[in-house]
Amino acid sequence: VEMPHSHPIYRSFEKIDYIYFPENSVISIVTNLEDGNCVETGIIGNDGLSGAETILTESSSPREAMVQLAGFGSRMKIKDFQEFVQADKVLARLVLQFIHSFIGQISQNPACLCFHKIEQRLARWLLMFHDRADSDELGLTQEFIAVMLGVHRPTVTKFAVKLQNEGLISYNRGKIIILDRPGLLRTSCECYDTIRRISGF
C-alpha cells in the first residue's frame, strides 16, 4: 500500500483495524495532551510494525500513529495477523523482539528530551529517520520536527540552519537532505547509539 504523509494509521483509543509493515516509510507515534500540545514518543520503520500491541489483546492505543515519512509498506487485517502469530513461533518471537526494542526506544526518549541539547536531539532524530528510509532525502516539515523535539517552530529553524551551515544537511521547504552522516553522528547524543544497538541497525 502507498503510505502518504500524514496518513492516519490509528487514532487514540479507537479500534486498530490493520497492522502496517513500513518498507521505506516511517510511522510516528504521538502522545496528545488535552491542551492541544503533542510530542512524538517513538518511530517505526522497516525495523518493525505498527499495532503490535494487538497481540497483547489490546484493540486500541492511548496514542496515535501517523505516517511522517511518505513511502510504501504492507498491511494486514488484525485478525489475520493474530492468527499468524499464534500459529508461527518464529513470527511470534520476531514480533516480541520488536516490541522489546520499541520499549527500549520509547524509554530512552524521555531522558534525551530532558537532558540533551536540542542540536544533539535533532541530529539523533534525523539519523533514526535516515536509518529507516531508502534515501538521503527526507520529507520532514518544520511542524513535524517541532513535535519531534517538543519545541516551537522558530527553534527548529534556528538549529536546522545551524546544521546546514555546518554542512551536515541541506534544508529547504520541508525537505532535508543528509549531506554528512558522520558529522551528524558526531553531533548526536549518546541516545542514538543506545537505540541503534537495541533496534539492531
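Analyst: Happy to! Let me begin with one term: contact means heavy atoms within 4.5 Å. By that rule, I118, R121, L122, W125 and F129 in α3 meet F144, I145, M148 and L149 in α4. Please keep in mind that this is a predicted model.

User: What makes up the contact of α3 with α4 by class?

Analyst: It has eight nonpolar, no polar and one charged residues. Arg counts as charged, and R121 is among the α3 residues in that contact.

User: Why are α3 and α4 called roughly perpendicular?

Analyst: Their axes cross at roughly 110 degrees. Angles of 65 to 115 degrees count as roughly perpendicular, and therefore α3 and α4 get that label. The axes come within 10 Å, and α3 passes α4 in a right-handed crossing.

User: How do you know that α4 is largely enclosed by the rest of the structure?

Analyst: Buried means under 20% relative accessible area. Seven of the eight residues of α4 are buried, so the helix is largely enclosed. The buried ones are Q142, F144, I145, A146, V147, M148 and L149. E143, by contrast, has a relative accessible area of 43% and is partly exposed. Just after α4, G150 takes a positive phi of about 70 degrees.

User: What makes R153 and E143 a salt bridge?

Analyst: The cut-off is a side-chain nitrogen of Lys or Arg within 4 Å of a carboxyl oxygen of Asp or Glu. For the side chains of R153 and E143, the N to O value is 3.0 Å, so the pair qualifies. R153 lies in helix α5 (residues 153–165) and E143 in helix α4 (residues 142–149), so this pair ties together parts that are ten residues apart in sequence. R153 has 40% relative accessibility and counts as partly exposed.

User: Which residues do salt bridges with shared partners join into one network?

Analyst: Those are E119, K162 and E166. A search of the whole structure finds seven salt bridges.

User: Why does the pair of R181 and D131 count as a salt bridge?

Analyst: The closest N and O atoms of R181 and D131 are 2.8 Å apart, and the cut-off is 4 Å, so the pair meets it. R181 lies in helix α6 and D131 in helix α3, so the bridge ties together parts that are 50 residues apart in sequence.

User: Is D131 buried or exposed, and how do you know?

Analyst: D131 has a relative accessible area of 15%. Buried means under 20%, so D131 is buried.

User: What about K15 and D17: why do they get their accessibility labels?

Analyst: Exposed means over 50%, and K15 is at 59% relative accessibility, so K15 counts as exposed. D17 is at 43%, which lies between the 20% and 50% cut-offs, so D17 counts as partly exposed. The side chains of K15 and D17 meet in a salt bridge, at 3.4 Å from N to O.

User: Why is α3 called roughly parallel to α7?

Analyst: The axes of helix α3 (residues 118–132) and α7 cross at roughly 25 degrees and come within 9 Å. Angles under 35 degrees count as roughly parallel, so α3 and α7 are given that label. Their crossing is right-handed.

User: Which residues meet where α3 and α7 are in contact?

Analyst: R124, L127, M128, D131 and R132 in α3 meet C191, Y192, I195 and S199 in α7. By class, that contact has five nonpolar, one polar and three charged residues.

User: What makes S188 buried, and where is S188 placed?

Analyst: S188 has a relative accessible area of 11%, under the 20% cut-off, so S188 is buried. S188 sits in the loop between α6 (181–187) and α7 (191–199). Leaving out residues up to four places away in sequence, S188 touches Q120, A123, R124 and L127.

User: And why is S74 called partly exposed?

Analyst: S74 is at 34% relative accessibility, between the 20% and 50% cut-offs, so S74 counts as partly exposed. S74 is found in strand β7 (residues 71–77). Not counting residues up to four places away in sequence, S74 touches V1, I19, Y20, F21 and E23.

How values were computed: Residues are numbered from 1 along each chain as its sequence is written. This is a predicted model: local features need pLDDT of at least 70, side-chain atom pairs count only at pLDDT 80 or more; totals for chains, interfaces and linings use all residues. Side-chain values use heavy atoms; hydrogens and water are left out. Helices (H or I, at least four residues) and strands (E, at least two) are DSSP runs, numbered from the N terminus. Buried means under 20% relative accessible area, exposed over 50%, partly exposed in between (1.4 Å probe, protein chains only). Axes are lines fitted to C-alpha atoms, for helices over the stretch in contact, and angles run from 0 to 180 degrees between N-to-C directions. Angles under 35 degrees count as roughly parallel, over 145 as roughly antiparallel, 65 to 115 as roughly perpendicular and the rest as oblique. A crossing is left-handed if the near helix is turned anticlockwise from the far one by less than a right angle, and right-handed if clockwise.
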